[in-house]
Amino acid sequence: MTLEAVNLSLGYGDGDLTTFAVREATMRIEGPGFFGVMGPSGSGKSSLLYMLSGLKNPTAGSVLFNGKHLENMADKERAALRREHFGFVFQQPFLLSFLTARENIAIAARPGDKAANRKADALLEELGLSRLADRTPVHLSGGERQRVVVARAMINEPSIIFADEPTAALDHRNGFAVIDLLKRYRDRGTVIVVTHDPAMIAGANKIFHLEDGAITHVEISEISEPPG
Ligand SMILES: Nc1ncnc2c1ncn2[C@@H]1O[C@H](COP(=O)(O)OP(=O)(O)O)[C@@H](O)[C@H]1O
Ligand SMILES: [Mg+2]
């Protein structure tokens, strides 16, 4: 899996009055792995993530997923790509209130997937959340809801999970627990976490630092080969 941004910009307004949420960002992510985007509030993290994931069109530049330009696709094609290959986790854990945790996960499976319930149970089990399976959201804490959202993001085994401040609404303990679940996916797929909290992306393969919409530097962690 390769995800690339080339001179990616998102501007608001016209001419001299244009303000840029993201300016000429160039970056490359080769998965699988765990990647971070760090920056203060208003630095353009969400804007960058939305463009990388095809949720928002750039005003200039390109995003390439496995060499394919997202910005040249028709909206329908881009939506299909998102459904098929991407998973999402946002700051607020949105679940359907009338469904159990299991059902909330299963409903995100591909249409007609007869194994949806079984896959949901397997994910809950794997992530140590089986006790939550039959609860509706009102009977889950904020941290538990976000754990269920993480499981839901994994149901179709996406190439990439995009997480925008997934821990910002949680206390540190719950935040770390959610990050721990996301990190378990790093061998199977690519996880990209946007945060203003460096503790949440410690140990990432790469961290892209954003300031005023621009990537100022990239931290690369060299994971050494095991001996022998
Ligand atoms: N619809 C909009 N119109 C004008 N400016 C916007 C709009 N959306 C975001 N911005 C600006 O773009 C910048 C980056 O926003 P955002 O990507 O949400 O940053 P972050 O996620 O790092 O907090 C901010 O200065 C914000 O005010
Ligand atoms: Mg944001």
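**Helix packing, pocket and backbone**

Modeller: This is a predicted model. Helix α5 (residues 142–154) packs with helix α6 (residues 172–183) at an angle of about 10°, and their axes are 10 Å apart.

Colleague: Why are α5 and α6 called roughly parallel?

Modeller: Angles under 35 degrees count as roughly parallel. The angle here is about 10°, and α5 and α6 are therefore roughly parallel to each other. Their crossing is right-handed.

Colleague: What makes the contact between α5 and α6?

Modeller: From α5, Gly143, Gln146, Arg147, Val150 and Met154 take part; from α6, Asn174, Ala177, Val178, Leu181 and Leu182 do. Contact means heavy atoms within 4.5 Å. By class, the contact has six nonpolar, three polar and one charged residues.

Colleague: What is known of the largest pocket, and how many residues line it?

Modeller: The volume of the largest pocket is about 480 Å³. The lining has 24 residues, and Phe86, Phe88, Ala108, Arg152 and Asn156 lie nearest the centre. Of the lining residues, 14 are nonpolar, five polar and five charged.

Colleague: What makes the bond between glycine 31 and proline 32 worth a remark?

Modeller: Most peptide bonds are trans. The bond joining glycine 31 and proline 32 is cis, with omega about 0°. Proline 32 is placed in the loop between β2 (19–30) and β3 (33–38).

Note on methods
Residues numbered from 1 in each chain as written. Chains lettered and ligands numbered in written order. Predicted model: local features only at pLDDT ≥ 70, side-chain atom pairs only at ≥ 80, totals over all residues. Heavy atoms only, no water. Axes fitted to C-alpha atoms, helices over the stretch in contact; angles between N-to-C directions. Helix = DSSP H or I, 4+ residues; strand = E, 2+ residues; numbered from the N terminus. Parallel < 35°, antiparallel > 145°, perpendicular 65-115°, else oblique. Left-handed = near helix turned anticlockwise from the far one by under 90°. Nonpolar A, V, L, I, M, F, W, Y, C, P; charged D, E, K, R; others polar. 1 Å grid on protein atoms, 1.4 Å probe; cavity = no way out; pocket = protein on both sides within 12 Å on 5 of 7 lines; lining within 4 Å. Points joined across faces, edges and corners; volume = space filled by probe spheres on them.
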